[in-house]
Amino acid sequence: MDFSKINLFKALSRKMEWLADRQEVLAQNVAEANTPGYKAKDIKPADFRDVLGQAGKGAAAAAVAGRPLALTVTNPAHFTGTRPGPKTAAEFQVKDRDAPGRLSGNDVVIEDELAKVGQTAMDYELTTNLYRRHIAMIKTALDRNGS
Amino acid sequence: MDLKKVFQVSASGMNVQSERLKVIAENIANADSLAKTPGGKPYQRKLITFKSELDRANDVETVRVKRIQRDQSDFGTRYDPHHPAANADGYVLTPNVNPLIELMDMREAQRTYEANLNVIDTTRTMLQRTIQILQ
């Protein structure tokens, strides 16, 4: 059985991917907390439509391209122009902080970053727990003590 | 697995903070190191700066030590005509190390180190959760 073909698992995997990416960006912010001129980054919020676009049935063509919101293709030879690959600059958001910057040009607030790290870990736990529950449900259907 | 890159980033952060602590230790240890020759320069305080660097092999931006420079601020003076390092007027130049500044810097390095450690700890928990899916 291929779990990745079940929409729910696909959506959960995508959420986990997003959280892992965010954790990477936050770790970078903390590591560069003393680098002059460094601006704190954050990843774009996970969009409900992104997750659905990836996982929903209606966007089957987009799912084939591996990216949500793909261009409409009228001929199979057309390029969709959306290739899955390394993160682009557009996926990162540079924060526009109201607080006045420091003389060093660095605007990382370690407390904020650690709060976000905690939040990400909690979301991750929620997602993995949901994943486990759904596997348990499938196991129940297969009658293999899934409860 | 993307989460493993986090370890690399945080480890680089901890690495530069320990390098910073080394510089602070040198400054504090040499807070009283005077010149060897009459009228010579005493120990000059060191400063460390960081920069971010792209690790191309793993596609992560890590942090590195940019350079370790000398603090250009003025030396202190002390009137001690009989000291071997005293100049013609009887003054001895003392290092431009302020122990209070060094201690504050040390505390900041410690806090940043702990923050990086915290991120590693949280990421480890996240990886454990992933492994638990299989259980």
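Student: How many residue pairs are in polar contact between chain B and chain A?

Tutor: Seven residue pairs, counting those with both partners at pLDDT 80 or more. Keep in mind that this is a predicted model.

Student: Which elements of chain B touch chain A?

Tutor: Those that give two or more residues to that side are α1 (3-29), β1 (46-55), β2 (60-70) and α2 (99-133) of chain B. The largest share, 13 residues, comes from α2(B).

Student: OK, salt bridges. How many are there between chain B and chain A?

Tutor: The count is two. One of them joins the side chains of A:K41 and B:E61, at 3.7 Å from N to O.

Student: How many residues are in contact overall?

Tutor: On chain B, 32 residues are in contact with 29 residues of chain A.

Student: What area do chain B and chain A bury between them?

Tutor: About 2,400 Å², with 63% of it on carbon and sulfur atoms.

Student: Which residues in chain B lose the most area to chain A?

Tutor: B:M126, B:R129 and B:I133, which together make up 24% of what that side buries.

Student: Different topic. What is the mean pLDDT of chain B?

Tutor: The mean is 91, and 99% of the residues of chain B reach 70 or more. Where pLDDT is low, predicted coordinates should not be read in detail.

Student: What does the model score for ipTM and pTM?

Tutor: ipTM is 0.75 and pTM is 0.72.

Note on methods: Residues are numbered from 1 along each chain as its sequence is written. Chains are lettered from A and ligands numbered from 1 in the order in which they are written. Side-chain values use heavy atoms; hydrogens and water are left out. Contact means heavy atoms within 4.5 Å. Buried area is the accessible area (1.4 Å probe) that two parts lose on being put together, summed over both. A salt bridge is a side-chain nitrogen of Lys or Arg within 4 Å of a carboxyl oxygen of Asp or Glu. A polar contact is a pair of N or O atoms within 3.5 Å; within protein, one must be able to donate a hydrogen and the other to accept it, and residues adjacent in sequence count only if both atoms are side-chain atoms. Helices (H or I, at least four residues) and strands (E, at least two) are DSSP runs, numbered from the N terminus. pLDDT is the predictor's confidence in each residue, from 0 to 100.
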